[in-house]
Amino acid sequence: IYSEEDRSKMPPELANALSHEREAVDDSEIRERALEAIYMIVMQDDGRKAFWSVNGPRILQVGYEDEEDLKVMGAYELIGSLLVGKGEIEQDQEQGEDKPQ
């Protein structure tokens, strides 16, 4: 599912685990709860940095592309909106600009 380029941006342990074919989780509630947990991690600055460091956005993108359940897709989108919003704010702070949120 993940290209060699995608895996090269991940820690070896994660890249190795994701390179093996796995059985999909059929229970949409489990997928939704897992995404809620990721959301809670990404809400924290250190968690968001760690998420980016393991190429987390790409992992979510691949999952979102294959998802069919609307509630689970909403959970993916919620994380995405947090990543985009926080990413823009952090980038502005690095550039010394203060934009209203």
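Q: Which residue with a positive phi follows α4?
A: In this predicted model, helix α4 spans residues 45-53. The residue with a positive phi that comes after α4 has a value near 65° for that angle, and this residue is Asn 55.

Q: Which residues of α4 are buried, and why do they line one face of the helix?
A: The buried residues in α4 are Gly 47, Arg 48 and Phe 51. When the helix is viewed down its axis, these buried residues fall within an arc of 100°, so they line one face of α4. In general, an α-helix has 3.6 residues a turn, so residues three or four places apart point the same way. The residues asked for are therefore those that share this arc of 100°, namely Gly 47, Arg 48 and Phe 51.

Q: Which exposed residues does α4 carry on the face turned away from its buried side?
A: The buried side of α4 includes Phe 51, and the face turned away from that side carries exposed residues. These exposed residues are Asp 46 and Lys 49.

Q: How many helices are there in the protein chain?
A: From the N terminus on, the elements of the chain run α-α-α-α-α-α. There are zero strands, and the number of helices is six.

Q: What percentage of the residues in the protein chain is buried?
A: The protein chain has 101 residues, and its accessible surface comes to about 7,300 Å², of which 51% belongs to carbon and sulfur atoms. The share made up by buried residues is 25%.

Q: Which residues lie nearest the centre of the largest pocket?
A: The largest pocket has a volume of about 820 Å³, and α2 (12-18), α3 and α5 (56-66) are the elements that give two or more residues to its lining. Of the 26 residues that line this pocket, those nearest its centre are Tyr 2, Arg 22, Arg 31, Gly 63 and Tyr 76.

Definitions and conventions:
Residues are numbered from 1 along each chain as its sequence is written. This is a predicted model: local features need pLDDT of at least 70, side-chain atom pairs count only at pLDDT 80 or more; totals for chains, interfaces and linings use all residues. Side-chain values use heavy atoms; hydrogens and water are left out. Buried means under 20% relative accessible area, exposed over 50%, partly exposed in between (1.4 Å probe, protein chains only). Helices (H or I, at least four residues) and strands (E, at least two) are DSSP runs, numbered from the N terminus. The arc is that of the directions from the helix axis to the C-beta atoms. Accessible areas come from the Shrake-Rupley method with a 1.4 Å probe; for residues, only the protein chains shown count as cover. On a 1 Å grid over the protein atoms alone, a cavity is a set of points where a 1.4 Å probe fits but cannot get out, and a pocket is an open set with protein on both sides within 12 Å along at least five of seven lines; lining residues have an atom within 4 Å of a point. Grid points are joined across faces, edges and corners, and a volume is the space filled by probe spheres set on the points.
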